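This briefing concerns the structure shown below. Please examine the sequence and the model together before reading on.

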2 protein chains.
Amino acid sequence: MITGKNYIGAAQSATGSKTYKTFDPKLNLETEWTFTEATAEEIDNAVSEASSAFKLYSATSATEKANFLRVIAQEIEALGDTLIQTYMKESGLPEGRAKGERGRTMGQLNAFAALLEEGSWVDATIDTAQPNREPMPKVDLRKMLVPIGPIVVFGSSNFPFAFSTAGGDTASALAAGCPVIVKSHPMHAATGEMVASAVLRAVEKSGMPNGVFSNLNSSGIEVGQQLVMHPKVKGVGFTGSIKGGTALYRLANQRDEPIPVFAEMGSINPVIALPSALTEKGDDWAKNYAGSITLGAGQFCTNPGLILGIKSSSLDNFIKVLGTSIEELEPFCMLHPNIYNGFENGKKELSSQGGVDVVAEYSAEAAPNYAKQKVLTVNGANFLKNTKLHQEVFGPFSVVVRCEDATQLAEIIEKLEGQLTGTILGSKEEISSHSAIVTALQGRVGRIIFNGVPTGVEVCPSMHHGGPFPASTDSRFTSVGTSAIKRWVRPVAFQNWPQEALPAALKNDNPLGINRLVDSKFTYDKI
Amino acid sequence: MITGKNYIGAAQSATGSKTYKTFDPKLNLETEWTFTEATAEEIDNAVSEASSAFKLYSATSATEKANFLRVIAQEIEALGDTLIQTYMKESGLPEGRAKGERGRTMGQLNAFAALLEEGSWVDATIDTAQPNREPMPKVDLRKMLVPIGPIVVFGSSNFPFAFSTAGGDTASALAAGCPVIVKSHPMHAATGEMVASAVLRAVEKSGMPNGVFSNLNSSGIEVGQQLVMHPKVKGVGFTGSIKGGTALYRLANQRDEPIPVFAEMGSINPVIALPSALTEKGDDWAKNYAGSITLGAGQFCTNPGLILGIKSSSLDNFIKVLGTSIEELEPFCMLHPNIYNGFENGKKELSSQGGVDVVAEYSAEAAPNYAKQKVLTVNGANFLKNTKLHQEVFGPFSVVVRCEDATQLAEIIEKLEGQLTGTILGSKEEISSHSAIVTALQGRVGRIIFNGVPTGVEVCPSMHHGGPFPASTDSRFTSVGTSAIKRWVRPVAFQNWPQEALPAALKNDNPLGINRLVDSKFTYDKI
């Protein structure tokens, strides 16, 4: 079933000579499959087919695109247990997670289908003509969002389904009307190929143009770089490291025609334990956070890697309970030896910084590639002066900072790099009594949480999964939730355009029945 | 009245040693005023004050911000004829234009005030909790747009009011809740200082925090570069050349924390004359376009610099009438000798390209700095192979391309760089019979016009003034119209946030009475 080939539209191709294999981290062995990396010619073919497909696909109706997305979800489900087993083999993740993530991925595809069927997402805005206006007549002007062209999606390591081949980036780009070329993640190329085959069956079954979807293999950085530099590529979606995302972002900026790169990158997701959270619920939060830090071997971009409190006996107690709770948990298998080694190196580097003490460390034997969780602590002054301690360590790891007082805590937050999330633990009253801290936190994050954990990212219109750099390269856009579609479109205004030639969304009689801003009023009405 | 100093918040400062003067292009003489360029320390002071002001200003209510914008408009008007005379002296533009542009500038400020008072622009999106959802409870999640921080605005040369000191970039940023530091345009520094003084009076009268607005003098590129690289600056608005805008865009991208640069740059605004436009209304369109090409000495970013038609006797006739009509018009004074020289060099360079013929050229004597209009013609093959001919020549200048057939015309459009506008002249039937051309044009522009001229940019919600690169650096955003506010904000999601601590826009009882997306339905209702 796994061919190891590139999918250029419906065609399979493996003309290159560079091959690689994926890895089963639980068995600590290579898998049986071999993948052939895409050549420059195959890259050019995939992009050219996508560019040709764009002419047809961008004019495809919302209903047809919605049907296409729903068929993709069905085809993924139809791969059944073989897909789940492949996912588990290539990721080391358990069956429950595999099935949950598959459900999430299908849910995303169906959510975008529903968004298309509802239709108002195109932001139709109409200002009718005023031919008698003085001193100048006013023209008829109507604006809506249109797709920008072929999009390259970089699969992530940590979500082989939900942020990869047919994940949120792909689903949102296809929903927008943009063809997608996936740069398959090398750690789960077989899972990727299976999902790609499902997408391609959906292309055929729903009569979409060939080239609207391609899947290219790659083990290094060259294929991705060539894709980003290809003149016919018009946008990029990426989920991964700060280093990788920033490099692609800067590369795309140097093109003759710069293109947007929406990279969702690292984050340490600061959690602020205000006094009452520690005095009244310290033990509960400590146990809760031991679970959140280790969830999925800590391999989430919303993993809480930084916990801040004001020094006190209740903070000492919280740290103690967090330490004992987290040491009791059994290690999980990580995605890949490279991820495991990165985690080990990260732990080592941060543990060796000045003023750092170890709170907890799993010390028993563990199988190869199993992450041994660790928690450190440091005082506020040391944390402030050493930005090494702000670095994300991808895995079950966190740093607890003992701040001198609320002022130092606010200062630390203000100086933090941009984050996907920030969390406040405390009472409602403390939100106003600690407003400097809360305001500072809101200024550094894309999502702010009250009395919860940052892990768990709901897929819905009000989700914002992004944040000030380096959490993401463009804080104005989200990679999770239906608003993610807004990354792949741009507005076009039609001036004095004849009714019969206008897109349906902008016609007077509102045939799509969508919500529009007409002469500065929101309405579902006809004109 | 003109001090020549920098305005750092309310304080005036001129500690630097580098000075410069502005120029009266009609008299062909320097003006009486001398300006002192901002020093590195003054730049840092202005940005630091803006950063401090942001804490207060970002929390200012919509009503207070709206009042502030309205007072700015009143204070500009209160400068009366002195301001109009200063504008005319520094720009060479006539009184009607000065007053019209002042009216437009005040209109923009008032339009953003009205947008704030209506309030729905924050895109409030709410998904209420579902505590009993299976398999996982759903959290309460609410999202809205919040301001990003201090913004640097580069004044443009060609709109001393509407795209400069208190123009669209400044008005939209202040409306969003972002402080503004203006890098004053060196060609109209006195006009800029007067407008800045009006803004600062409005700051005081409406009780806004000091530092919410500063105005810095600069004659070279250094002040702008230092502003863009300042770590506390969070965004940039620019209107000007492709070279200048792209340089700032790439500079900002190299910062440790990259920031968005919204540069609205050059455009040649292709106009496609379909057959019926030439056979039925050729003379009318020719006369009309003679006027559009020379309007305001051609110093508009929407100036029609490229007209395309399919070779025919009616195209020949159109070219002939365009030529005779445009030669009859009297030249206008350009903004500055540098602009005049750039125009002369641009005309010379394009006229010397292979296969180019002169259609019309104003040949009588004219006063210094008065632009002598010129029109060239070339066939489609030569235009296709020589991208020099795609360059914007800023001034009353246009190239008419005789295409071999509709296929070549579509090919030319597809290969054009991104444009602010594109225009179709013809019949309604031709929009469908020439769909390849129309679709190609829509793919390259931000605004598409039917049977009109591209000059004249309405300020309203449905305007899109931007386009694929190099028309602008970010085709998703407009610099004209109320949507321009979206450049200076980012979404923040509040998860399980207590009602009393939520921003007004997100509270259950909808105290602002705005349109919100609640559980995927648009409504003005309470929850």
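Two residues are in contact if their C-beta atoms, placed from the backbone, lie within 7 Å. By this criterion, 11 residues of domain 1 of chain A touch 12 residues of domain 2 of chain A. The model is predicted: local features need pLDDT of at least 70, side-chain atom pairs count only at pLDDT 80 or more, and totals for chains, interfaces and linings use all residues. Residues are numbered from 1 along each chain as its sequence is written, while chains are lettered from A and ligands numbered from 1 in the order in which they are written.

**Domains of chain A**

- An automatic or database domain assignment supplies the bounds: domain 1 covers 6-265 + 476-487, and domain 2 covers 270-450.
- The C-alpha centres of domain 1 and domain 2 of chain A are 33 Å apart.
- On the side of domain 1 that touches domain 2 in chain A there are 3 nonpolar, 5 polar and 3 charged residues; Ala, Val, Leu, Ile, Met, Phe, Trp, Tyr, Cys and Pro count as nonpolar, Asp, Glu, Lys and Arg as charged, and the others, Gly among them, as polar.

**Interface between chains A and B**

- Chain A and chain B each contribute 49 residues to their contact.
- The side of chain A that touches chain B comprises 21 nonpolar, 16 polar and 12 charged residues.
- Strand E19 (489-495) of chain A gives the most to this side, with 6 residues; helices (H or I, at least four residues) and strands (E, at least two) are DSSP runs, numbered from the N terminus.
- E19(A) pairs in the parallel sense with strand E18 (residues 445-450) of chain B over 3 bridges, where pairing requires that DSSP finds at least two bridges between the strands.
- A:Ala493 stands opposite B:Arg447 in E18(B).
- Because 100% of the interface residues of chain A are also interface residues in chain B, the copies meet through the same surface.
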